[in-house]
Amino acid sequence: MRVEKISEILREIGKHLARSQRGFICAAMAELFALVYHICFLVFFYRQGLLPLFYFNIFSVSFFCLNLLILFGLKKVSVVFFNSIFEVCLHQILADYFLGALAGFHFLIIILVVFPFLVERRGFNIGIPTSFFCLCVFFACEFFFSARAPVVTLSAPLLRTLRLVNIVASMTVLLTMIIIFKLIIGYIEHSMEELNQKNEALLENILPKKVVENLRETGKSAPELFDGVTVLFTDVVNFTTISKSLAPAVLISELNDIFTHFDGIMDAHHCVRIKTIGDAYMAVCGLPEKDANHTKNLVAAALDCRDYLAERNKTHALKWTIRLGIHTGEVVAGIVGVKKYIYDVFGDTVNVASRMESSSEEMKLCVSEAVYRRARSSFACTPRGEMEIKGKGLMKLYFVER
């Protein structure tokens, strides 16, 4: 739990650094560091009697105080950034000119190689050119001032101390920047992982799991022909009449509650809800993964849905009843659309299943002869005789019970 808490705190820090205030926070840290660093060398140069550098450090201290006023008062990160680039490069060149490259002041320029990427925001595209410029200044100081004698000669131990201090200070600031980068990257990676999980959960609510896997692996899911699929349609009886007397929020709440329970029943019987259209509910079994018991599974699920609704009516003020119809055969299934994915099934089997529902009666499950042949060993089937089915002619129909 302690590790999780620490991780959560670090992600929260990363969140603030990753957003618009990143440039402000990093610029403020850099300016405060520069101010304290120059105050320390102001004292050092005064005690060493290096008056030109002492006076220039007075200018630098005043310069960074002005930068902090601009930053906190006007919030002008870009102005502070360019001011700092100008001052640091000029100051380190001047320090190397007086004390030589061995003093290591030009190592502070390396900070400016990374600094632009931390303060850079959208539309402020100065990272790469500024880093390249600062690298050029650093190598120019290293080679040029290493080849000429300094204006002021300091003792070897003092030069080594100055070099060490400047290198350690530069590396400390760089390490701080790396930590900031790590915090930002950690927050972004965590956010992306959470977003991916939400996207996958959303897709799995819309599409079958196998189709989601195909989309994840290949970016597409081709339509498929399935030769052993059972299709269910349900429809609310007198829905139009009842809905006229209900507020829209109440109507949506009722349908949401009923269909959510239907979804749970379908999952329990290894069936897949394809879609709802108003008060109509459509589900299948046998795709996208084949199931030898597709008909029995869906018949059992349909009866459970019917029975759930009957039980619900005992305790709810609104009484809903449905008709149910099932047919089995071959269908074509696949994704419709490219912007808003809809997984749908097509074919004569779907049309006949819809006719079974419209030919059914209140709170009864009507099935075709094809379903009857598959389900009669497990369910009680009552013949209805032959009935005229639109587009199909006369068909033998059956009511199914447990």
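Ile-342 is found in strand β5, where strands (E, at least two residues) and helices (H or I, at least four) are DSSP runs numbered from the N terminus. Ile-342 counts as partly exposed because its relative accessibility is 43%; buried means under 20% relative accessible area, exposed over 50%, and partly exposed in between (1.4 Å probe, protein chains only). This is a predicted model, in which local features need pLDDT of at least 70 and side-chain atom pairs count only at pLDDT 80 or more, while totals for chains, interfaces and linings use all residues. Residues are numbered from 1 along each chain as its sequence is written, and side-chain values use heavy atoms, with hydrogens and water left out.

**Aromatic rings**

- The whole structure holds 24 aromatic pairs, meaning rings of Phe, Tyr and Trp (its six-membered ring) with centres within 6.5 Å; planes under 30 degrees apart count as stacked, over 60 as edge-to-face and the rest as tilted.
- The pair of Phe-45 and Phe-105 is tilted, because the ring planes stand at 35°, with the centres 6.1 Å apart.
- This pair links distant parts of the chain, 60 residues apart: Phe-45 is in helix α2 (residues 22-48), and Phe-105 is in the loop between α4 (77-99) and α5 (111-119).
- Phe-45 has 1% relative accessibility and so counts as buried; Phe-105, at 3%, also counts as buried.
- Tyr-372 and Tyr-398 form a stacked pair, 4.0 Å centre to centre with 0° between the planes.
- These two tyrosines also link distant parts of the chain, with Tyr-372 in helix α13 (residues 369-375) and Tyr-398 in strand β8 (residues 393-401), 26 residues apart.
- Tyr-398 counts as buried because its relative accessibility is 8%.
- Ring pairs join Phe-45 and Phe-105 with Phe-33, Tyr-37, Phe-41 and Phe-44 in a cluster.
- Lys-364 lies over the face of Phe-399, 4.8 Å from the ring centre; a charge sits over a ring if NZ of Lys or CZ of Arg is within 6 Å of the ring centre and within 35 degrees of the ring normal.

**Helix α4 and backbone angles**

- Helix α4 has 23 residues and spans 32 Å from its first C-alpha to its last, close to the 33 Å expected at 1.5 Å a residue; the expected span is 1.5 Å times one less than the number of residues.
- After α4 comes Gly-100, with a positive phi near 90°.
- Lys-75, in the loop between α3 (51-74) and α4, has a positive phi near 60° although it is a residue other than glycine.
- With a relative accessible area of 48%, Lys-75 is partly exposed.
- Asn-238 is another residue other than glycine with a positive phi, near 55°, and is found in the loop between β1 (224-236) and α9 (239-244).
- Asn-238 counts as exposed, at 52% relative accessibility.
- The peptide bond from Leu-287 to Pro-288 is cis, with omega near -5°, and Pro-288 lies in the loop between β3 (280-285) and α11 (294-315).
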